[in-house]
Amino acid sequence: MGADFDKPQGFCVKSGRVQRARGSKLFWLSAAEGRQKSFRMMEKMSEENSEDVRVLEAQIEHLQAEVAALQRQQQDNHKDITFHLRGHMQDAMSYVCGQKQAGEKEKVLSKLTEELEEDLKLQTQMNGISLNSCTTKTLQSSGRQLVQQFCVSGHCSELVFQVEFLLSEVKKGQRSERTIRDLNVVMDTSDLQNFSSFLSGVEESTDLLLFFRTLRTFSDRCDDRRRTFQHFQEKYPSVVSLPGGCRSAVMTLNHPELSGCVLFVHWSVEVSREGRVTPKIELLTKIPEKALQLFPSQAVSGAAEAFQSLLRILGPEAAVESVIMAVSLSQDT
Amino acid sequence: MAGASTKGVLSHLSLLEVQARSRKTPPQQPSRVKELKAKAEALMTQRDQLKAEIETHKSLQKLRASMDKQCTHEEEEEEEMAIDSENSQLLRLMARHTQLKDLLHAHDIIGGYNVIKTRKGKGLCVSLTTAYNGVYLENYNLEMDLKPTLRISRDNIPPFIPLKSLAEQSNMQTDIRTLLDPLSQHLNAFAARKQQLKLVKELHKSVQVMESNALCSLLVLMFTVPREKTAVLCSLEYTDHTRCLPTRVHFECEDKGLPDSPEWKKNSSLLMETPVHKALITMKKMGDIV
């Protein structure tokens with residue numbers, strides 16, 4: 001045939017110049033031309049494909065690096081226990097990020113949150129302590145040990161506090177040991193002189209629970225005093241006055257017609273360094289010398305000691321009331 | 001005739017051409033591109049998902065911080081943080097959820113009673129936490145019936161703690177804390193004395209524990225005085241069970257004059273005012289005991 005199998009270039013399609021021959025040769029030439037065109041197209045496609053593949057592979061490598069960095073960031077986020085979400089909270093997160101279907105997510109979370117609100121009300125009532133904020137920071141989170149820094153603020157009746165401490169939990173077998181370190185207590189102790197010695201002691205011994213037990217007891221005793229003072233001021237307004245307000249330690253008793261003679265009921269609530277809360281009630285008298293000279297009876301000068309005996313026999317409220325009755329020169333017994 | 005054979009030649013040629021090309025470069029099938037495109041898209045979705053989660057996490061943190069500020073500064077009118085999201089309601093709910101969980105956790109840590117209502121409101125479960133000097137110790141539990149009246153149905157309080165009499169003396173029907181607070185005081189004092197005894201045994205091997213009781217209300221220790229090597233028997237009585245300091249300290253020694261010496265009178269006060277394991281450290285430092 002004379003055709004050279006290995007060198008089809010003889011057809012010269014590359015330059016696009018085709019010698020159009022006549023007759024059957026024309027047919028053969030265009031068929032060959034067609035085939036060459038497919039060759040070229042497939043070659044181009046292969047070139048495009050390998051170009052695409054290279055581009056895609058580079059893109060994928062870049063994306064994998066991005067995803068790895070984001071996953072590391074997410075792992076760091078999960079170390080923050082406050083926001084390490086599980087269960088319904090995780091579902092809610094997925095929903096917000098557009099992953100899951102709307103459904104009942106908000107309703108379920110709303111119901112769960114409501115239950116937590118109820119629980120918080122219950123704990124607040126039962127514990128006698130109102131917390132308004134608790135923030136935590138995870139300082140260390142290895143397999144066996146967790147160290148968190150807490151900042152808790154709230155109030156116990158009228159007493160406002162803020163405590164900061166480190167809580168460390170170490171897993172020892174089945175149980176985990178919890179320890180408090182670095183306790184710092186902030187309270188407005190301007191009118192709590194007898195509390196500050198206790199506070200410094202409790203910070204030293206990092207006895208967080210003792211602080212709260214004592215705070216609550218101290219608050220209860222102060223509330224007892226306030227209730228009693230307020231009750232008597234309402235019942236005997238002409239005789240009883242509270243110069244320092246109802247939360248102060250002093251109640252004055254004074255008959256309006258005997259302006260110079262005043263009796264003071266001094267009711268202090270003392271807190272020992274150990275955390276023991278002791279109410280102490282004393283009766284103090286301010287009676288002018290002239291009056292004492294006119295009435296040198298034991299009843300007037302020995303009032304303070306007499307009151308202590310009354311206290312022992314009748315208890316605080318009844319003892320105070322009998323003194324009030326005496327001052328008001330009332331005929332009732 | 002020549003056409004037919006030339007046709008055969010041409011098709012043979014194209015076949016050879018393709019074979020030659022396929023030997024030079026690997027087969028670039030379009031499906032490989034599709035495969036890679038799919039992989040890239042999956043990675044893009046994953047990346048976008050992660051980005052969204054991290055952004056939401058940031059929003060939650062900011063929202064929670066603003067809510068915490070609002071709660072601590074009740075007088076100041078803190079502006080509610082504006083959230084740039086169509087999910088603002090849900091995000092607020094999520095932030096509040098984390099806040100509540102933290103507050104409840106705080107109630108537990110500060111020694112709260114962890115009250116749980118049980119049996120559809122007919123019962124109550126109370127937990128009493130004990131701790132000493134920052135170390136959390138035993139937990140004790142009470143199960144109570146609410147109807148017809150509040151009463152204790154089950155407990156794991158040790159028998160030497162006067163639970164029954166505390167309940168009788170309390171006003172628990174109107175205020176359950178009049179039972180729980182004294183009970184917690186007793187339990188914590190007991191836990192403290194027990195812990196002090198444990199620390200004496202651990203830290204002061206030279207001091208012998210001669211006697212102790214279950215309630216840890218009595219402790220008899222044997223000291224050795226350096227130089228003379230005399231033995232001093234020290235009795236600590238803790239008659240007030242709500243305290244973890246002794247109410248009476250007594251020394252017994254062959255040397256009858258020792259308890260009245262100024263050093264040992266000081267030690268007597270020290271033991272009355274300082275927890276025993278700490279007092280012993282001071283006494284060792286002063287050279288009074290070995």
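Modeller: Start with the second largest cavity, whose lining is made of Q74(A), N77(A), H78(A), F83(A), H84(A), L85(A), Q90(A), M93(A), E53(B), I54(B) and H57(B). Keep in mind that this is a predicted model.

Colleague: Which elements give two or more residues to that lining?

Modeller: They are α1 (24–79) and α2 (87–96) of chain A, together with α2 (30–72) of chain B. The space inside comes to about 90 Å³.

Colleague: How do the lining residues of the second largest cavity divide by class?

Modeller: There are 4 nonpolar, 6 polar and 1 charged residues in that lining.

Colleague: Which residues lie nearest the centre of the largest cavity?

Modeller: Of its 16 lining residues, R213(A), R216(A), I110(B), G111(B) and G112(B) lie nearest the centre. Two or more lining residues come from each of α5 of chain A, β2 of chain B and α5 of chain B. The most come from α5(A), which gives 4 residues. By class, the lining has 6 nonpolar, 8 polar and 2 charged residues.

Colleague: Now the open case. What is the volume of the largest pocket?

Modeller: A pocket, unlike a cavity, is an open set of points. The largest pocket has a volume of about 1400 Å³. Its lining has 49 residues, and the closest to the centre are L210(A), T214(A), E274(A), G275(A) and R276(A).

Colleague: Which elements each supply at least two residues of the pocket lining?

Modeller: In chain A they are β2 (145–156), α4 (193–204), α5 (208–235) and β8 (277–286); in chain B they are β2 (123–132) and α5 (177–203). The element that gives the most is α5(A), with 11 residues. Chain B can also be read by domain: domain 2 (110–190) and domain 3 (205–285) each contribute at least three residues to the pocket lining. The class count for this lining is 14 nonpolar, 17 polar and 18 charged.

Colleague: On to single residues. Is S328(A) buried or exposed?

Modeller: The cut-off for buried is under 20% relative accessible area. S328(A) has 16%, so this residue counts as buried. S328(A) sits in the segment after α9 (316–327) of chain A. Leaving aside neighbours within four places in sequence, S328(A) is in contact with V239(A) and H255(A).

Colleague: And why does T124(A) count as partly exposed?

Modeller: Partly exposed covers the range between the buried limit of 20% and the exposed limit of 50%. T124(A) is partly exposed because its relative accessible area is 22%. T124(A) belongs to helix α3 (residues 105–127) of chain A. With neighbours within four places set aside, its contacts are I129(A), S130(A) and, in chain B, H107(B). The C-alpha atom of T124(A) is 9.8 Å from that of C156(A), 32 residues apart along the chain.

Colleague: How many helices and strands does chain B have?

Modeller: Chain B has 7 helices and 8 strands. Of its 290 residues, 44% count as buried.

How values were computed
Residues are numbered from 1 along each chain as its sequence is written. Chains are lettered from A and ligands numbered from 1 in the order in which they are written. This is a predicted model: local features need pLDDT of at least 70, side-chain atom pairs count only at pLDDT 80 or more; totals for chains, interfaces and linings use all residues. Side-chain values use heavy atoms; hydrogens and water are left out. Buried means under 20% relative accessible area, exposed over 50%, partly exposed in between (1.4 Å probe, protein chains only). Contact means heavy atoms within 4.5 Å. On a 1 Å grid over the protein atoms alone, a cavity is a set of points where a 1.4 Å probe fits but cannot get out, and a pocket is an open set with protein on both sides within 12 Å along at least five of seven lines; lining residues have an atom within 4 Å of a point. Grid points are joined across faces, edges and corners, and a volume is the space filled by probe spheres set on the points. Ala, Val, Leu, Ile, Met, Phe, Trp, Tyr, Cys and Pro count as nonpolar, Asp, Glu, Lys and Arg as charged, and the others, Gly among them, as polar. Domain bounds come from an automatic or database domain assignment.
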